[in-house]
Each structure stands twice: as structure tokens, then as C-alpha cells.
Amino acid sequence: MDAAFTTEQSEIRRTLRGLLSKGVPTGPPGRGGSDSTADAGPGYDPALWARLAGGPGLPGLALDERYGGAGCGTTELALAFEEVGRALVPLPLLATSGLAAPLIAALGTERQRSALLPRIADGSLTAALCVPGAALATALALTRGDPDGAWAGGGRAGGVQARPDGHGGWRLYGEAEQVLDGHSAGLLLVAAHTGGFTRGRILLCLVRCRDGRGGGADGRGDDSRQAHGRDAHGRDARAWHADGRAARGLRRTRWTALDDTRPQARVQLRDTPAELLGDDPGADVPAALAATGRTAAALLAAEAAGAASAALDRTLQHVKGREQFGRPIGSFQAVKHRLADLYVRVQAARSAAYYAAWDPCEGVLALAQCLEALRTVAGEAIQLHGGIGFTWEHDAHLYFKRAASDELLFGPVHRLRAHAAAAAGLFTPAGCADPADPADPAGCADPAAVRPAVPAGGSPGGPGTGPGPGPAPGSREAAGV
């Protein structure tokens, strides 16, 4: 096995690093100037997105060539995510190319793929995956198994509900609270529940909406208006009120998120017309989401590894130039030891991310390791930067917020590892259920399967007790009866 990168893969890394390092500031647009992130529009730089789509073809890197993509695989896309994470520039890459495009390619009809994927590949259309509530990690099967799709809202209430409109289309009701880039996407993939209690199933529906930049999934202009204010809970919010036939009953509100480099929005659907993704209402949507989740975990792991590497590089530059007692602080042995530990963590995270890019089935474990490395490196970077490290004016807080936000969205780390261990059967006997399964909290349907063996004459003791005393001399047990 040759683990070295090919010439094409190395060229992808070099090209993206060059494009993302030329005059592109770290963090969301508007930071550090008179404009705030609240007035940053879609939350990313559309001009930069257009350059990345037109030059290296970043949005369509992993799409098939017949749809305008480059025909590359997960490894090439993971290298691109690593460079985006290193630059920490907000882009709709994860929502569009990491989550929405694979689902369209897997479940969509040929007509839908031909209409949507070429526009995603050329950067003219962005998309977002809408999952009810805060169940993104569950829907993608990252932290627990839920093949029945209870996260989508069972029965006739909760989550997002779908009903046929009688004309071959669907109507959606409900809301999704944490939608990545949902406020600006021109296309929404909505996971909805239908069929009530008896015939309940999960559907993926397409909602063609107009984004805040004046274009939509249907290619027509937008007469939307942007409103600023606070929601019913007193939180800062920005809403694009979309009018017209393409987005009737749709309201999108951008939250003030912990990590402004990964914008989030609330999407409300009120009798919103939608189109079924694919032509089979009985398609196994949870399985498709789980497959997408494995690949997305590998991409997120590479992104976290790139961010951790960049945070360490910035810290190294600081300790080389910052002097104390007439010498750089990086020359002190205590600082060297901390930096050496961080270097080992970053290299281990990068190795795990590369392996997951080669085998996405290991994406969950790699994501856990990379998120833990990013959190540790970002925390140490703030400490080693001293007084300026925890201020808003320095970029160190951006890396720490990215680590914390990703853990809230896709983790936490201990649940990622627990789910991976349960799926591999490491700590449960064969045939046991997922420890996170609410129907089986103990993690095994048959308690006898994990009951410890009791030696002859002993007694099953509780915690902290060993086997019971041996048989008494002269007893029937001692005689072997």
C-alpha cells in the first residue's frame, strides 16, 4: 500500500492553500471593521466562493464528471476540507458539498440530478440539509443508532411533518432549529416524517427557495427583504422573508451562533410546497443519511485537523517572537514540552483524518480524535498567547469556538467514541443493542448474556465485592455432592 499523495492530490492542496492565503482574513466577513457579523449577509464571501468554484472547482470536486464535477473521491475532498479548516474561512462547503450533494446524487432522480448537481458544481447554487430540532448528529448516525428515524418527529406532531398535496407534490409543516447555512441556501433538503404512527417513514424533500443574494434554486430573481431584530426568546436574529411561489410559507432566521465561521439558521415551514427527492416514497432515507454521515465525519475530521495545525503554527510564530527576561518564551523548557505535546496531537489527528478519508467507515473515530485535538490545541494556544490570546481582537478565540461548536453539533467526543465502540461490538457481547438505545438502556436485550459467572460455592457480589467464600469444610459442596 502506497500512502503517499498523488501529484493531482498534492496540486489540489497547493492550489487551495494559495487561493485561501491571498488576502483572505481569518474568520467571518466584516470582522475587525466597521461592519459586524450581523450585517455580513450570507455569512461568507460570495466573491471568494465564486473564485473557488471557477478555478479549482471546489464545490464539485467529488461530483461525477457528467454533472460538471471533477470526478474525484473522498480523499481529494478531505484534503480540500483540511485547507479550508486551516484558513478557517466561512464557506457553504460542508452544507452543500458534504451533506446535500451526496444525498441528491444517491436518492435523486436523473432529472433532479441533472437539474441541481451542475449548478452545485459551478457554485451558482448552495444547499442545506434541514433536520428537525438539534438532531443532526443523530440523523447522520454519528452518536447513536436510530434506524426508525424517531429524531424526525414521530406520530402526527413534532419535527417536520409532510403530507401529499393531491397533485404529486408535498406540503411541509414544522421547523428545524440548527440548519447549517440554512438562511442563505438556494435549496433546502428537508427531512420530514409522514404516515402517522402506523405507517410512519422518513422522506427527504426539496424546497426551492430564494437566498439572500438575489438568486434561488429556480434561477429567478428574489424580491426578499432582510429584517434585523430579536426573536421571541430575545436572541439576536436575522431573517430573510422570502415571497413568491418558490418559497411560500418559508421563513428563515439566522442565529447569532457561537461560531460565526459556521453560520446556523432556524427554518420554519408553514404549508410549504415541496418536491420529493427521488421517485420512491419508501426509500431507506435513514440508511442514506448514515452513509452521508460517515463521509461527512471524515471530511469534518480533516477540517478539524487543518484548524488544529493552523492554531499550532500561529502559536509557534508567537512564542518565537515574544520575549520575556531577554529571551523568546519559546526557548523555555516548559513551553517546549507543551508545544511538543501539541505537535504529537496534531500529527496523530492528521494521520487519523487521512485514514478516514481512505476508509470513511472509520470517520466517526477519526472525528472524535480530531475534535479532541483541536479543542486541546486551541485551548493551549490561548494560554501560550498570554494576555492577548483571550481577547476578541486576536484570532485564537476563533479556533476554540470552532472546536466547541463542532462538538455541540456533531459530538460530543465521548458519544462519538461510545457509538463507534458499540457499532464494532468492542464492549458488548454479540447480539447486544446499542447502549444509547432508549428501548434497551442497559445496552443488551438479554441481561443473562452479560451476567458474570459465579464460581462454585461463591455468590455474585455487588460492586467492590469479590467472589463469595468457598464451601465450608465437611459440607455437601465440599464433598462434591
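This tour moves through a predicted model, one selection at a time.

**Helix α8**

Begin by selecting residues 333–358, which form helix α8. Its end C-alpha atoms lie 38 Å apart, and this agrees with the 38 Å that 26 residues should span at 1.5 Å a residue. Next, colour the buried positions of α8: Val335, Leu339, Leu342, Val346, Ala349, Arg350, Ala352, Ala353, Ala356 and Ala357. To see what covers these buried residues, display α3 (74–87), α7 (285–321) and α9 (363–384), which are among the covering elements.

**Arg13 in helix α1**

Select Arg13 next; this residue belongs to helix α1, residues 7–21. Is Arg13 buried or exposed? With a relative accessible area of 19%, Arg13 counts as buried, because the limit for that class is under 20%. Beyond its neighbours within four places in sequence, Arg13 contacts Phe5, Leu79, Glu82, Glu83 and Tyr354.

**The nonpolar cores**

Now turn to the largest nonpolar core, which holds 101 residues. Within this core, Leu91, Leu129, Trp151, Leu189 and Phe410 touch the most other members. Helix α7 gives the most to this core, contributing 18 residues. Centre the view on Phe410 and show its contacts, leaving aside neighbours within four places in sequence: Leu94, Leu136, Ala137, Leu142, Thr143, Leu180, Leu300, Leu367 and Leu416. A second, separate core comprises 21 residues, including Val179, Ala192, Leu250 and Leu276.

**Leu277**

Move to Leu277, in the loop between β9 (264–276) and α7. Leu277 has 5% relative accessibility and is therefore classed as buried. Which residues does Leu277 touch, not counting those up to four places away in sequence? They are Leu103, Ile104, Leu107, Gly108, Gln112, Leu189, Leu204, Cys205 and Leu206. For Cys205, the separation from Leu277 is 72 residues in sequence, whereas the C-alpha atoms are 5.2 Å apart in space.

**The cysteines**

Select the cysteine sulfurs next. The structure holds 0 disulfides.

**The largest pocket**

Switch to a surface display and find the largest pocket, whose volume is about 340 Å³. Its lining consists of 20 residues, and those nearest the centre are Ala62, Leu63, Ala101, Pro102 and Ala105. The elements that give two or more residues to this lining are α3, α4 (93–107), α5 (110–121) and α7. The largest share, 5 residues, comes from α4.

**The cavities**

Finally, look inside the model. How many cavities of 30 Å³ or more does a search of the whole structure find? The search finds 4. The largest cavity contains about 70 Å³ of space. To outline this cavity, select Phe81, Val84, Val89, Pro90, Leu91, Leu93, Leu94, Thr261, Arg262, Glu303 and Arg402. Helices α3 and α4 each supply at least two residues of this lining.

Conventions
Residues are numbered from 1 along each chain as its sequence is written. This is a predicted model: local features need pLDDT of at least 70, side-chain atom pairs count only at pLDDT 80 or more; totals for chains, interfaces and linings use all residues. Side-chain values use heavy atoms; hydrogens and water are left out. Helices (H or I, at least four residues) and strands (E, at least two) are DSSP runs, numbered from the N terminus. The expected span of a helix is 1.5 Å times one less than its number of residues. Buried means under 20% relative accessible area, exposed over 50%, partly exposed in between (1.4 Å probe, protein chains only). Contact means heavy atoms within 4.5 Å. A disulfide is a pair of cysteine sulfur atoms within 2.5 Å. A nonpolar core is a set of buried Ala, Val, Leu, Ile, Met, Phe, Trp, Tyr and Cys residues joined through side-chain atoms within 4.5 Å. On a 1 Å grid over the protein atoms alone, a cavity is a set of points where a 1.4 Å probe fits but cannot get out, and a pocket is an open set with protein on both sides within 12 Å along at least five of seven lines; lining residues have an atom within 4 Å of a point. Grid points are joined across faces, edges and corners, and a volume is the space filled by probe spheres set on the points.
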